[in-house]
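Q: Please take a close look at the nonpolar core of this model, and then at the other parts that can be described.

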Amino acid sequence: MTMDKEYLEIRGLSVSFDGFKAVSEVDLTVLQGDLRFLIGPNGAGKTTLIDAITGLTPATGSARKSGSELIGKKVHQIARLGVGRTFQTASVFEQLTVLQNLDIAAGAGRSAVTLLRKRTSVLPAIEEALETIGLTALRDRPAGILAHGQKQWLEIGMLLVQNASVLLLDEPVAGMSAEEREETGNLLRRIGDDRVVVVVEHDMDFMRAFASSVTVLAGGRVLSEGTVEQVQADPKVQQVYLGTAAAGYLPPVTAADTAIDEKEEAAHA
Ligand SMILES: Nc1ncnc2c1ncn2[C@@H]1O[C@H](COP(=O)(O)OP(=O)(O)O)[C@@H](O)[C@H]1O
Ligand SMILES: [Mg+2]
């Protein structure tokens, strides 16, 4: 075990579907402790990029996790290297309890029967994950009764017990209440300190509140990258978001803008 920081380093990554380039020559570097948001219009290639990194779709180019090449490896090999992802729709086992879901994810080598038997002790890693995702009190309840947001947190917990150190989360707050979003943002901050976290997101308010850096994808390519302020001020970014459902993305009116307006109004008065 080294004390080196984890990182995800993507170089020249491309994905083609029958000649259509859904992801095109993408370069992306995310370091441990950085909470990176990956945004872009529908069809920009965000999910496909995650699929490529996690081995779900063939790709060319390179994606390394702390030096280990992922492209060309199988899904389970990539998971074993500590790269985990969530899907746009949560995929937990509804009939099993929260604890059983985490148990399965931890894959402690027990048979299904052992797994389903009532357990007297809980692995420390699972205890810790329960605490982190805020579901300790609900650990013996079936996952099916969880609220939408809680299911997403359980999925994140499943990645934590798998020891994933690179987490790729595909629209984790979609359909969440404002309160759940806030909780999720805080959760991402908690887990982001010692992990690489990439969050695909549509919700611009959520991004403004929690992103430490942002990469904008459009037409399969990286359009812009930087801090929230930098990408918001980028005319290229404003261009792709104009006239889309995400037009609310445009930066809010600043004090400087207001001062200019007032001056103009005064001039015309
Ligand atoms: N399996 C597939 N076969 C063909 N085209 C696909 C497939 N998956 C995604 N695409 C296309 O690739 C582009 C990127 O899709 P996607 O990665 O889902 O975008 P995003 O997640 O940014 O909304 C879209 O044009 C989509 O239609
Ligand atoms: Mg998507």
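A: Of the 69 residues in the largest nonpolar core, Leu102, Leu154 and Val199 touch the most other members. A nonpolar core is a set of buried Ala, Val, Leu, Ile, Met, Phe, Trp, Tyr and Cys residues joined through C-beta atoms within 7 Å. Buried means that 20 or more other C-beta atoms lie within 10 Å of a residue's own; exposed means 12 or fewer, and partly exposed is in between, with C-beta atoms placed from the backbone. Helix α6 (residues 148–161) gives the most to this core, with seven residues. Helices here are DSSP runs of H or I with at least four residues, strands are runs of E with at least two, and both are numbered from the N terminus.

This is a predicted model: local features need pLDDT of at least 70, side-chain atom pairs count only at pLDDT 80 or more, and totals for chains, interfaces and linings use all residues. Residues are numbered from 1 along each chain as its sequence is written, while chains are lettered from A and ligands numbered from 1 in the order in which they are written.

Leaving out residues up to four places away in sequence, Val199 touches Leu35, Phe37, Leu38, Leu169, Pro172 and Leu188; contact means C-beta atoms, placed from the backbone, within 7 Å.

Isoleucine 71 lies in the loop between β5 (68–69) and α2 (75–80). Isoleucine 71 counts as partly exposed because it has 18 C-beta neighbours inside 10 Å. Beyond four places in sequence, isoleucine 71 is in contact with Ala59, Gly61, Ser62 and Ala63.

Methods:
Two residues are in contact if their C-beta atoms, placed from the backbone, lie within 7 Å.
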